[in-house]
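Take a first look at the model below, then follow the text from one part to the next.

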Amino acid sequence: MKDLKTYLESGILELYVLGDLSREEIREVEQSIAQYPEVKAEVEAIENALQAYAISNAIEPSESVRSKILNSLETSPVEEARVTHLRPVESSSSFYKYAFAASVALLLVSVILLINLNNRLRESHTQLAVLQAENQQFSNRVNYMDKELEDNKKFLEIYQQPGQYKLVNLKGSPKAPAARMTVAFSPQKEEVMIDLSSLNMPSNDDQHQYQLWALVDGKPVDLGVFDSTDDHSGMKRMKSVKGAQAFAVTLEPKGGSVNPTMEQMMAIGNI
Amino acid sequence: MSRTIKLSLSEPELIQALRSRDSKGAEALYDMYSAALYGVIYRVVQHEEIAEDLLQEAFVKIWNSISSYDHSKGRLFTWMVNIARNLSIDKTRSKDFRNHSKTEDIENIVLSVDKGFTTSINPETLGLKELVEKLNPDQKVILDLVYFRGFTHVEAAEELDIPLGTVKTRLRNAIITLRKVFN
């Protein structure tokens, strides 16, 4: 400092000790105290003089005050009165700092939770779809088994009521001597069914199918087509017919023909 | 006075005890400084009950904010007396206080204080007290206005109708006189 003596004599150090300076001036004096031993010594001399002056003007407070004050010190909470006159701004701004940090942390946690929850929701949807598919499969299977059971019941009915159904055994023609099959025929109900369990015909290719015919008064009547690879359980219902005398099977182009191809006669049986 | 033994510690010991919130520290703090601080507080507020409450408030504040006291910036007593004085000045500026007592003439107050308390002044400082009388009256008025009445130097200049520079010079000279007396 250029003019230390002027500074020491300016009176600012006295005002510093008396607490009569602005915040900025206080900072300046504190800097020069730290920097110049002369300033520090001067400030100490002023402090000592004023302390002695205060002591020489001391007034003893009444006796009862001592215990009252000492009690209040012992019971006063630690963080009660922070020195607000020294750093009021800092403490409030640090509150906002912490509040802001807390908000950001809370937001982060919320976002993570939300993402997590969303993933689990999606997972649940997938599981639900799988379960629905399984359920559908299961009910399909139940339907299928219901139908099979129904067929078997009918099948049983046919064999248990020989009076109603006539069982007609068809034997292989010279073209297919090993061919065998059984047709159930009910003249009252005009029903014709093939017993698939006893079906034993040479296998047909993709272009051809077997066609069942009824001979009514010497004329062939179409009763529908079937494959040798048909499911070998239950009965296959064919078209209905009245007053048949015999049944015959021919091999025809896929879908069947209007009239039977006599060269392809595979099996025949009379009632 | 029934209590004869007063606790006394060196300043660094006292600061240490206060920081560790030792009850011995509280006792030493009170025994060493209550009279000096009460003297300042009483002269500002001029009311025994209010001054006692303020003394308590000042000690609580000192006790709780000792961690913010920085030794490198000044002596402990300077820090404490400023806390006590600021609390007292705030009190005199509050509404209930102004309703409570109509301000008297400054000189009368200073006189009445000194008359009322000569008997309770510490006998050890009596010699010093007489030396203080060596202060020239102009210097003493300004010093007491600022130190014991809580005026800022700007307010003192207005009150006494003298230039700011003069206030500063008289304050400095008063303190120089005290330094000579007490060294």
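A strand, here, is a DSSP run of E with at least two residues, and strands are numbered from the N terminus. With that in hand, find A:Lys239: this residue sits in the loop between β6 and β7 of chain A. Keep in mind that the model is predicted.

Is A:Lys239 buried, exposed or something in between? Burial is a matter of counting: a residue with 20 or more other C-beta atoms within 10 Å is buried, and one with 12 or fewer is exposed. A:Lys239 has 13 such atoms, so this residue is partly exposed. Leaving out residues up to four places away in sequence, A:Lys239 touches A:Val192, A:Asp222, A:Leu223 and A:Gly224. A:Val221 lies 18 residues from A:Lys239 along the chain, and their C-alpha atoms are separated by 9.7 Å.

Most residues other than glycine have a negative phi. A:Glu190 is not a glycine, yet its phi is positive, at about 55°. A:Glu190 belongs to the loop between β2 (180-186) and β3 (191-200) of chain A. This residue is partly exposed because 13 other C-beta atoms lie within 10 Å. A:Asp217 also has a positive phi of about 55° without being a glycine. Look for A:Asp217 in the loop between β4 (208-216) and β5 (219-226) of chain A. A:Asp217 has 8 C-beta neighbours inside 10 Å, so this residue counts as exposed.

How far can chain A be trusted? Its mean pLDDT is 85, and 91% of its residues reach 70 or more. Over residues 80-90 of chain A, the pLDDT is below 50. That stretch has 11 contacts in the model beyond near neighbours in sequence. Where pLDDT is low, the predicted coordinates should not be read in detail.

Now turn to chain B. It has 10 helices and zero strands. Of its 183 residues, 38% count as buried. Take contacts in chain B between residues at least 6 apart in sequence: 60% of them join residues at least 24 apart.

How do the two chains meet? In chain A, 45 residues are in contact with 52 residues of chain B. On the chain A side, α2 (12-17), α3 (23-35), α4 (37-56) and α5 (63-75) each supply at least two residues. The largest share, 13 residues, comes from α4(A). By class, this side of chain A has 25 nonpolar, nine polar and 11 charged residues.

Follow one helix of chain B into this meeting place. Helix α10 of chain B covers residues 164-182, 19 residues in total. At 1.5 Å a residue, α10(B) should span 27 Å, and its end C-alpha atoms are 27 Å apart, which agrees. Its buried residues include B:Val167, B:Leu171, B:Ile175 and B:Leu178. The buried residues of α10(B) pack against α8 (137-148) and α9 (153-160) of chain B, together with α2 and α4 of chain A.

Which way does α10(B) run relative to α4(A)? Their axes come within 9 Å and cross at roughly 80°. Angles of 65 to 115 degrees count as roughly perpendicular, so α4(A) and α10(B) are roughly perpendicular to each other. Among the residues making this contact are A:Ala49 and A:Tyr53 of α4(A), and B:Arg179 and B:Phe182 of α10(B). The contact has nine nonpolar, one polar and one charged residues.

Key:
Residues numbered from 1 in each chain as written. Chains lettered and ligands numbered in written order. Predicted model: local features only at pLDDT ≥ 70, side-chain atom pairs only at ≥ 80, totals over all residues. Contact = placed C-beta atoms within 7 Å. Helix = DSSP H or I, 4+ residues; strand = E, 2+ residues; numbered from the N terminus. Nonpolar A, V, L, I, M, F, W, Y, C, P; charged D, E, K, R; others polar. Expected span 1.5 Å × (residues − 1). pLDDT = per-residue confidence, 0-100. Axes fitted to C-alpha atoms, helices over the stretch in contact; angles between N-to-C directions. Parallel < 35°, antiparallel > 145°, perpendicular 65-115°, else oblique.
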